Amino acid sequence: MDINNKPKRIYTGYVADPKRFEQSGTTVYNISFKEEQLHDLLKYKTAKNQVHCDFVVLNDGKAFMTVFDPHSQSNQQKMPKANEVKEDLPF
């Protein structure tokens, strides 16, 4: 992928610092959204009415969330068309 064609990341919500529970080996991240952020997520619905988010944890333990934008030019080029017929299907 060309660096100029790289999709712009869309950051959303707030990811709090992790809470580590040593005894169980569990790490919990509190994720919260403001009401307007929840409404904004609807802009990123796919054709199947889904919103795809990535929860990313960096090596230093910091975390953030990004949202996939199905409407961006670079993402539309990668996605198959919904009405595309595949000729090689066995059924």
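Analyst: We begin with exposure. A residue counts as buried under 20% relative accessible area, as exposed over 50%, and as partly exposed in between. Tyr 11, with a relative accessible area of 52%, is therefore exposed. Keep in mind that this is a predicted model.

User: Which strands make up the open sheet, and in what order?

Analyst: Strands of a sheet pair through backbone hydrogen bonds, either parallel or antiparallel. Here the open sheet has three strands in the order β1-β7-β6, and the pairing is antiparallel. β1 (10–11) and β6 are the edge strands, each pairing on one side only. Between β1 and β7 there are two bridges. Tyr 11 has Thr 66 in β7 as its bridge partner.

User: How many aromatic pairs does the structure hold?

Analyst: Rings pair if their centres lie within 6.5 Å, and planes over 60 degrees apart count as edge-to-face. The structure holds two such pairs. In one, the ring centres of Tyr 11 and Phe 64 are 5.5 Å apart and the planes stand at 65°, so this pair is edge-to-face. Tyr 11 belongs to strand β1 and Phe 64 to strand β7, so the pair ties together parts that are 53 residues apart in sequence. Phe 64 counts as buried, at 18% relative accessibility. The rings of Tyr 29 and Phe 55 also pair: their centres are 5.1 Å apart and their planes are at 70°, so this pair is edge-to-face. Tyr 29 is in the loop between β4 (26–28) and β5, while Phe 55 is in strand β6, so parts 26 residues apart in sequence are tied together.

User: Is Tyr 29 buried or exposed? And what about Phe 55?

Analyst: Tyr 29 is buried, its relative accessible area being 18%. Phe 55 is partly exposed at 36%. Phe 55 also takes part in a nonpolar surface patch of about 230 Å², together with Ile 31 and Val 57. Ile 31 lies in strand β5 (residues 31–32) and counts as partly exposed at 37% relative accessibility.

User: Which side chains meet in a salt bridge?

Analyst: A salt bridge needs a side-chain nitrogen of Lys or Arg within 4 Å of a carboxyl oxygen of Asp or Glu. The whole structure has one. Its partners are Asp 17 and Lys 62, at 4.0 Å from N to O. Asp 17 sits in the loop between β2 (14–15) and β3 (19–21), and Lys 62 in the loop between β6 (53–57) and β7 (63–67), so the pair ties together parts 45 residues apart in sequence. Asp 17 is exposed at 55%, whereas Lys 62 is partly exposed at 48%.

User: What does Leu 41 touch beyond its neighbours in sequence?

Analyst: Leaving aside neighbours within four places, Leu 41 is in contact with Thr 12, Phe 33, Val 51 and Val 67. Leu 41 is in helix α1 and is buried, with a relative accessible area of 12%. Thr 12 lies in the loop between β1 and β2 and is buried too, at 10%. Among the residues that Thr 12 touches are Gln 37 and Met 65.

User: What is the phi of Asn 49?

Analyst: Most residues other than glycine have a negative phi. Asn 49 has a positive phi of about 60°, although it is not a glycine. Asn 49 is in the loop between α1 (35–41) and β6, and at 56% relative accessibility Asn 49 counts as exposed.

Technical notes:
Residues are numbered from 1 along each chain as its sequence is written. This is a predicted model: local features need pLDDT of at least 70, side-chain atom pairs count only at pLDDT 80 or more; totals for chains, interfaces and linings use all residues. Side-chain values use heavy atoms; hydrogens and water are left out. Helices (H or I, at least four residues) and strands (E, at least two) are DSSP runs, numbered from the N terminus. Buried means under 20% relative accessible area, exposed over 50%, partly exposed in between (1.4 Å probe, protein chains only). Two strands pair if DSSP finds at least two bridges between them. Contact means heavy atoms within 4.5 Å. Patches are made of residues with over 30% relative accessible area and no salt bridge: like charges are joined within 9 Å, nonpolar side chains (Val, Leu, Ile, Met, Phe, Trp, Tyr) within 5 Å. Accessible areas come from the Shrake-Rupley method with a 1.4 Å probe; for residues, only the protein chains shown count as cover. Rings of Phe, Tyr and Trp (its six-membered ring) pair if their centres lie within 6.5 Å; planes under 30 degrees apart count as stacked, over 60 as edge-to-face and the rest as tilted.
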